[in-house]
Amino acid sequence: MATVQLSSARVGAAAFAAKGKASLEPLRLPATVTVGEARPARRAFRGLVVRAATVVAPKYTTLKPLADRVLVKIKFSEEKTTGGILLPTTAQSRPQGGEVVAVGEGRTIGDKKVDISIQVGAQVIYSKYAGTEVELNDYNHLVLKEDDVIGILETDDVKDMKPLNDRVLIKVAEAEDKTPGGLLLTETTKEKPSIGTVVAVGPGPLDEEGNRIPLSVSAGSTVLYSKYAGSEFKGADGTNYIVLRVSDLMAVLS
């Protein structure tokens, strides 16, 4: 028996007295209202749980992204630091990479059908807080739009990343170790660089007819960019890189 409980529910009803004066008398519902037999049928699907604020969807076995969305199997969070220190769950960094396991059918721009440029099996990097996280077959996955994918990893090193759409991969210039007066700066007092060298560029954004617009910068250019834009990464050798949209570039330096 499924019951719906309305605790201390009160409904105000306005009644007019015989003498013409309005009086208000509360109407009270019973503490518990029983609603017939509304037992929902159980589904035998297992494997998928969509995690939202307070809603847990029924369990299913497959997930097919629609339109320009992709399904990414999330890489596990690092449980230890490079020095071998075990990290608690709250201190583990949120993963930004994974493997594409399914893609949508693409989208239509104007009269042109544009397929998704990412292939199943590709190792990708995506925006940190993009997409909707789901649990599928005991693994965490992310459903996100193609435009939320920053780039494709050709190797395990971020320096070999292939940026997508209107993004560029930049090798960040090293921060100054000393002030003009010769004072040695600590890591916390070093000014965050906003200059770097373009390592790779994406194919460009799509115009209204679905054609790619080439980017205005090329690999090898030294650029000035917005200080707090983009997504930062560290290469295998400790070099700092950043991936930005071309709109976050402010100037080419020469």
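Reader: What are the ground rules for the model and its numbering?

Author: The model is predicted; local features need pLDDT of at least 70, side-chain atom pairs count only at pLDDT 80 or more, and totals for chains, interfaces and linings use all residues. Residues are numbered from 1 along each chain as its sequence is written, and side-chain values use heavy atoms, with hydrogens and water left out.

Reader: Why is Leu66 called exposed?

Author: Exposed means over 50% relative accessible area, buried under 20%, and partly exposed in between (1.4 Å probe, protein chains only). Leu66 has 58%, so the exposed label applies. Leu66 sits in the loop between strand E5 (48-50) and strand E6 (69-74). Strands (E, at least two residues) are DSSP runs, numbered from the N terminus.

Reader: What makes Lys113 and Asp115 a salt bridge?

Author: A salt bridge needs a side-chain nitrogen of Lys or Arg within 4 Å of a carboxyl oxygen of Asp or Glu. For Lys113 and Asp115, the closest N and O atoms are 3.8 Å apart. Lys113 is partly exposed, at 46%. Asp115 is exposed, at 55%.

Reader: Why does Asp157 have no salt bridge?

Author: The nearest side chain of opposite charge, Lys159, is 4.5 Å away.

Reader: Which partner does Lys159 have in a salt bridge?

Author: Lys159 pairs with Asp160, with the closest N and O atoms 3.3 Å apart.

Reader: What does the salt bridge between Arg245 and Asp147 tie together?

Author: The closest N and O atoms of Arg245 and Asp147 are 2.8 Å apart. Arg245 lies in strand E19 and Asp147 in the loop between strand E12 (139-145) and E13, so the pair ties together parts that are 98 residues apart in sequence.

Reader: Why do strands E18 and E20 count as edges?

Author: The open sheet has six strands in the order E18-E19-E15-E16-E17-E20, with antiparallel pairing. Strand E18 (231-234) and strand E20 (249-253) each have a single partner strand, so one side of each lacks a neighbour in the sheet.

Reader: How do you know that E18 and E19 pair?

Author: Pairing requires that DSSP finds at least two bridges between the strands. E18 and E19 have four, in the antiparallel sense.

Notes. Lys, Arg positive; Asp, Glu negative; His and termini not counted.
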